[in-house]
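Try each task yourself before you read the solution.

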Amino acid sequence: MALSAEGALPCDDAGNQVSDKSRLAAALLCWIVGVFGVHRFYVGKVGTGVAMLVTCGGLGIWSIIDIILVATGKYTDKNGNPLVKSGK
């Protein structure tokens, strides 16, 4: 995996910026303690992490949506960059 032109974020094979956060780590955090929003804190989404903490993951519904997004690769970090696939 190469670095972007700025050298700040890694890029995928097509040259698109990706997050430096692991998709596997986010999936595990979401699966184990998702109702507390820990996975959102992990990717830098502090505001929604607090909202999930207060509402217990939107009574679990928000957590289910997030685990689906992480599993399908549609989950992003605070800058909108997709998470790095595990093993890369």
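**Exercise 1: Charges over rings**

Which residue lies over the face of Y42? Then find the lysine whose charged end sits over the ring of Y75.

Solution. Keep in mind that you're looking at a predicted model.
- Step 1: Go to Y42 and look at the face of its ring. K21 lies over that face, at 5.2 Å from the ring centre.
- Step 2: Move on to Y75. The charged end of K45 sits over this ring, 4.5 Å from its centre.
- Step 3: The structure holds zero aromatic pairs.

**Exercise 2: The overall layout**

Work out how many helices and strands the protein chain has, and in what order they come.

Solution. 
- Step 1: Read them off from the N terminus: β-β-α-α-α-α.
- Step 2: Ask how much is tucked away. Of the 88 residues in the chain, 31% are buried.
- Step 3: Look at contacts between residues at least 6 apart in sequence. Among these, 44% join residues at least 24 apart.

**Exercise 3: The faces of α4**

Find the buried residues of α4 and decide how they are arranged around the helix axis.

Solution. 
- Step 1: Locate the helix. α4 covers residues 61-72, which makes 12 residues, and reaches 17 Å from its first C-alpha to its last, close to the 16 Å expected.
- Step 2: Look down the axis. The buried residues of α4 fall within an arc of 100 degrees, so they line one face of the helix.
- Step 3: Turn to the other side of α4, where I61 and I64 are exposed.
- Step 4: See what the buried residues pack against: α1 (23-33), α2 (38-42) and α3 (46-59).

**Exercise 4: One leucine in α4**

Is L69 buried, partly exposed or exposed, and what does it touch?

Solution. 
- Step 1: Find L69 in helix α4.
- Step 2: Classify it. L69 has 31% relative accessibility, so it counts as partly exposed.
- Step 3: List its contacts, leaving out residues up to four places away in sequence. L69 touches K74 and Y75.
- Step 4: Look further off along the chain. A27 is 42 residues away from L69, and their C-alpha atoms are separated by 9.3 Å.

**Exercise 5: Cysteines and positive phi**

Solution. 
- Step 1: C30 is buried, at 5% relative accessible area, while C56 is partly exposed, at 39%.
- Step 2: Stay with C56, which lies in helix α3. Its phi is positive, about 55 degrees, although C56 is not a glycine.
- Step 3: Look at L59, also found in helix α3. Phi of L59 is positive too, near 60 degrees, and L59 counts as exposed at 78% relative accessibility.
- Step 4: Finish with a glycine from helix α3, G47. With a relative accessible area of 57%, G47 is exposed.

Conventions: Residues are numbered from 1 along each chain as its sequence is written. This is a predicted model: local features need pLDDT of at least 70, side-chain atom pairs count only at pLDDT 80 or more; totals for chains, interfaces and linings use all residues. Side-chain values use heavy atoms; hydrogens and water are left out. Helices (H or I, at least four residues) and strands (E, at least two) are DSSP runs, numbered from the N terminus. The expected span of a helix is 1.5 Å times one less than its number of residues. Buried means under 20% relative accessible area, exposed over 50%, partly exposed in between (1.4 Å probe, protein chains only). The arc is that of the directions from the helix axis to the C-beta atoms. Contact means heavy atoms within 4.5 Å. Rings of Phe, Tyr and Trp (its six-membered ring) pair if their centres lie within 6.5 Å; planes under 30 degrees apart count as stacked, over 60 as edge-to-face and the rest as tilted. A charge sits over a ring if NZ of Lys or CZ of Arg is within 6 Å of the ring centre and within 35 degrees of the ring normal.
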